[in-house]
Amino acid sequence: MPLQNIPWAVGGGAYNEVEGARLALYAATSGGRGVMAPRDMRVTALPTPGPAVRIYSGAGVSPNYYPTAGGGQSYAMREISSTDFPVPATGSSGAAVRYLIARVQDEQYEGDTKANPKTDPRNSYQWVSALPTTYPFVELYRLNQPANTATITNAMLTDIRQMANPRVKPVNRSRPSVTTDTGMKLSSTTGEWFPGDGAATGARQEIEVPEWAVRMIVEPSWYGVRYEANSNCYGTFWVSYGPSTAGGANGEPFLYKTQEFQFDSAGAKANTYRTNWLMSDDRAVGSNMRGKLCTFAFRAKRNSASTNNGVSMDGLSGLSLKVTFLEEPDRSTE
């Protein structure tokens, strides 16, 4: 096939073929397939459950999968408000697994003729038994429909949307301790900044959360944690987080926290030694955090059954924090 005469988009009266626009969309979305924003094209049962589902507003994009189309083309579809789309009832013969898709129907490749080329639809919602491979589509939800069922409930629906071109933003902070840091001994049995009073030691980190973030991977590290000789101290460490306006001066009560991870010193060890505390947690980003300045607080506590508080940090210790924000389909019900 020869090189297309007119590259997208040339002026001067040149005829710009529609494949150029599809190429531009393909490049802009890196050839991805899926919805454009985390809340786009959500699907639920009807407010009063019935024989249909409700598809909410949003947009989706799909590469051109027509076998004769060639590569480097994509289509975009948009739900303007909402659509209630019917679901066939199942009979006594058995249950059904259906996939709801938004598909493109382009007569350039499918060969059908439109009665009114200007306004006749070229996309539609469809229920299919398997995801297609020969035409453009965006997968939305899977329906597990029991036998003898005409009324659709949310419990039957599984969100299988993907982001067409998801964004990722890693944020890295590093703060070695210095000799002037204070409050570096772990004393509390209920939870405290560790190390120190937070802001002065780096244990309080404030990060602007992207407005598009739906999930985040939180990876804090405590380096060079010092265990005194013969100490018998154990407890947990974690990160509390939330909007910076929501937390008190001592790091609580922030709205959220990661899972707690345990530390345990070797009580019979005759010499002082050091270790690192590492953890990772995958957490949802609440809508009240998106686009706002949020605090991430390094926290720890020792168990009240510990015989001493021989855990500390000093000028040879340090902290690091990595938070990776992810744009994914928002499957929350808020």
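**A cavity, a pocket and an exposed alanine**

Strands β9 (168–176) and β20 (318–326) each give at least two residues to the lining of the largest cavity. Keep in mind as you look around that this is a predicted model. The cavity holds about 30 Å³ of space, and the structure has 1 cavity of 30 Å³ or more. Its lining is made up of Arg-173, Ser-174, Arg-175, Gly-202, Gln-205, Phe-298, Leu-319, Ser-320 and Leu-321.

Now move over to the second largest pocket, with a volume of about 230 Å³. Of the 13 residues lining this pocket, Val-43, Thr-44, Tyr-141, Arg-331 and Thr-333 are the closest to its centre. Two strands, β2 (43–50) and β8 (157–159), each supply at least two residues of the pocket lining. The largest share belongs to β8, with 3 residues. Overall, the lining of the second largest pocket splits into 3 nonpolar, 5 polar and 5 charged residues.

For a last stop, find Ala-76, which sits in strand β4 (residues 74–86). Is Ala-76 buried or exposed? Its relative accessible area is 55%, and the cut-off for exposed is over 50%, so Ala-76 counts as exposed. Even so, Ala-76 has partners from elsewhere in the sequence: setting aside neighbours within four places, Ala-76 is in contact with Leu-25, Gly-60 and Val-61.

Definitions and conventions
Residues are numbered from 1 along each chain as its sequence is written. This is a predicted model: local features need pLDDT of at least 70, side-chain atom pairs count only at pLDDT 80 or more; totals for chains, interfaces and linings use all residues. Side-chain values use heavy atoms; hydrogens and water are left out. On a 1 Å grid over the protein atoms alone, a cavity is a set of points where a 1.4 Å probe fits but cannot get out, and a pocket is an open set with protein on both sides within 12 Å along at least five of seven lines; lining residues have an atom within 4 Å of a point. Grid points are joined across faces, edges and corners, and a volume is the space filled by probe spheres set on the points. Helices (H or I, at least four residues) and strands (E, at least two) are DSSP runs, numbered from the N terminus. Ala, Val, Leu, Ile, Met, Phe, Trp, Tyr, Cys and Pro count as nonpolar, Asp, Glu, Lys and Arg as charged, and the others, Gly among them, as polar. Buried means under 20% relative accessible area, exposed over 50%, partly exposed in between (1.4 Å probe, protein chains only). Contact means heavy atoms within 4.5 Å.
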